[in-house]
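Here is a short briefing on one protein chain. Keep the sequence and the 3D view open as you read.

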Amino acid sequence: MSSVILDSSGPIFLGHGPWAMFLVLLVPRPTPHAPELKDILLAVQALMVHEMIPEGMLALLERTQAFFQRRGIVAYIVGGLLRDQALGRALECRNVDLAVSKNALLVSQDLAADLKGAFVLLDKTTGTARVVVADEQQHWELDISDFRGPTLEEDLRRRDFTINAMAISLADWLRSPDDSSAIIDPLGGAIAVKAGKITACYPQTFLEDPLRILRAFRFAAQLEFALDSALPALMREAAPELLAVSGERLRDELLLILETDRAHPALNALDEVGALGVILPEVALGRDVDQGPFHHLDVMRHELETAAQADRFLKDFAEFIEPLRKPLADYCRECLVERRSRKALIKLAGLLHDIGKPARRSIEADGEIWFYGHEQTGAEMVIGITERLRLSNRESEMVRLLVLHHLRPGFLSREPQLTNRAVFRFFRDLKDHGPACLLLWWSDRMATRGPKSHLDQVNAHRGFVEEMLQAYFFKAEQVVKPPQLIDGYQLMEAFHLTPSPLIGELLEAIMEAQAEGRVSSKEQALACAQDLLKARKNDKAHE
């Protein structure tokens, strides 16, 4: 929602979103007796802009401008910050793009030293570097680049999209962040922002940098913008060139898409322009692979629909009972690596969970289609994908485990009674990725039958997921991870054992007995261990 108020001097654009509407309601309507209305509105606009600027950003940019001023350098803010201001969005991103006429790499090194930050070389060829300034509370990034041409205007004309091709001198912005009159906008970026349209700055934009294909769909998903009708043809021409883009860059854009609540439309569109199969050829292998009557989609479309289902319910978890919604939101917001959340990784696992099916497809004599062992094959394939995308070890292990165990909640849901032992073993094997596995299974389950789903089965399966999640979030000490009653040293001393894997096995068995309610004291833990050792001795005697 955007708000514009008219007075005799013309329109005043207050921005988008609920804040804009709220402030319009507070401002008196123009009357002949209120000649000061425009001043009031401009003050309100300035207040809104300052409210959107994160604490610490102004101070950092003031120190940055002081550095540039001492050097006699004019620096310009470009791109995202101005775009988000035009949208009336809170400036949540901790990254600011700056452009200088030349020597960006040398300037960035000196600025990093001046700010007591870190210098990171991003691209030597284009003269782009990052200055990272961080402490325990905040993390800021200043991306500084040389003009992409002899002048600032030429630089803006060589950027990706018109919504990002606006600039203002850092000095002017600091003097008045709410004053849009000083913005340099040769390609009508502000008009494109208000129209909600993503338009290329020039026809070769995707050939010059194929990653811009993903960026276009990322912006569309994040901002709910539409693509200019000329873009898909340009994207199809450049899509094969994505093979030359580094895994790190592909990873960052893909995960930013998956972080949004509109990942599915973006993934579908990437497939339509031929980009998804270049980035993730393992997913494309499932195209037109029939799964039989139990599924309503082929393998690849099912994987995409799994992402669509995750989009739907990971947004607010409204279909689960109210006590679970905040714990789930906090859990999915958690980042295994800075700015890369569990939410995005759950969707990535959803996109990959059945990639093992084409290799494991078999047709029985009765015509039944099966995919025996596809979860193991898929988990092995995931290792190569996560290495290619340069995911961290923690992220890679999470995605691998989710693909490997994505069928397991379904098997548990068919048991006539969910036992504490089953719950304990599930979370023992998946650890903190257990809730993610349950959410992946729910996405998979809701994507499987489509209109063929029976409401009673959906409700029963939802109840199972809720029961498992409640155990994890609210009954961890009773069922998921009972408190340790005895440690390995005590076991070794009590039973004259030496360090070996047996100690870990005994401790695990004691915790399982705690989850079942059979052990609740140190004495009972020792008795449990003694019984286990006796049984082990008897088994060996009968071998």
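Gln65 is buried, with a relative accessible area of 13%; buried means under 20%, exposed means over 50%, and partly exposed lies in between, using a 1.4 Å probe and protein chains only. This is a predicted model: local features need pLDDT of at least 70, side-chain atom pairs count only at pLDDT 80 or more, and totals for chains, interfaces and linings use all residues. Residues are numbered from 1 along each chain as its sequence is written, and side-chain values use heavy atoms, with hydrogens and water left out.

- Gln65 sits in helix α3 (residues 57-71). Helices (H or I, at least four residues) and strands (E, at least two) are DSSP runs, numbered from the N terminus.
- Gln65 touches Leu170, Ala171 and Leu174, not counting residues up to four places away in sequence. Contact means heavy atoms within 4.5 Å.
- Met492 belongs to helix α27 (residues 488-495). Met492 is buried, with a relative accessible area of 16%.
- Leaving aside neighbours within four places in sequence, Met492 contacts Leu497, Thr498, Pro499 and Ile503. The C-alpha atoms of Met492 and Ile503 are 7.6 Å apart, and the two residues are 11 residues apart along the chain.

**Nonpolar cores**

- A nonpolar core is a set of buried Ala, Val, Leu, Ile, Met, Phe, Trp, Tyr and Cys residues joined through side-chain atoms within 4.5 Å. In soluble globular proteins, nonpolar side chains tend to be buried together.
- The largest nonpolar core has 121 residues, and those with the most contacts inside it are Trp173, Ile213, Leu280 and Leu352. Helix α24 (residues 434-449) gives the largest share of this core, eight residues.
- Apart from this core lies another, of 14 residues, including Leu507, Ile510, Ala513 and Ala529.
- What does Ile213 touch, leaving aside its neighbours within four places in sequence? Ile213 is in contact with Phe206, Met235, Ala238, Ala239, Leu242, Leu270, Val273 and Ala275.

**Strand β4 and its partners**

- Strand β4 (residues 95-100) is mostly covered: five of its six residues are buried.
- β4 pairs with strand β3 (residues 76-78) in the antiparallel sense, over three bridges. Two strands pair if DSSP finds at least two bridges between them.
- Ile77 has Leu98 in β4 as its bridge partner.
- β4 also pairs with strand β7 (residues 139-146), in the parallel sense and over six bridges. Here Asn95 stands opposite Glu141 in β7.

**Aromatic rings**

- Rings of Phe, Tyr and Trp (its six-membered ring) pair if their centres lie within 6.5 Å; planes under 30 degrees apart count as stacked, over 60 as edge-to-face and the rest as tilted. By this rule there are 15 aromatic pairs.
- The ring centres of Phe161 and Phe206 are 6.1 Å apart and the planes are at 50 degrees, so this pair is tilted. Phe161 and Phe206 are both buried.
- Phe320 and Trp442 have ring centres 6.0 Å apart and planes at 55 degrees, so they are tilted too. Phe320 lies in the loop between α16 (299-314) and α17 (322-333) and Trp442 in helix α24, so the pair ties together parts 122 residues apart in sequence.
- Ring pairs join Tyr331, Phe426, Phe427, Tyr472, Phe473 and Phe474 into a cluster.

**Charges over rings**

- A charge sits over a ring if NZ of Lys or CZ of Arg is within 6 Å of the ring centre and within 35 degrees of the ring normal.
- Arg158 lies over the face of Tyr202, at 4.5 Å from the ring centre.
- The charged end of Arg218 sits over the ring of Phe219, 4.5 Å from its centre.
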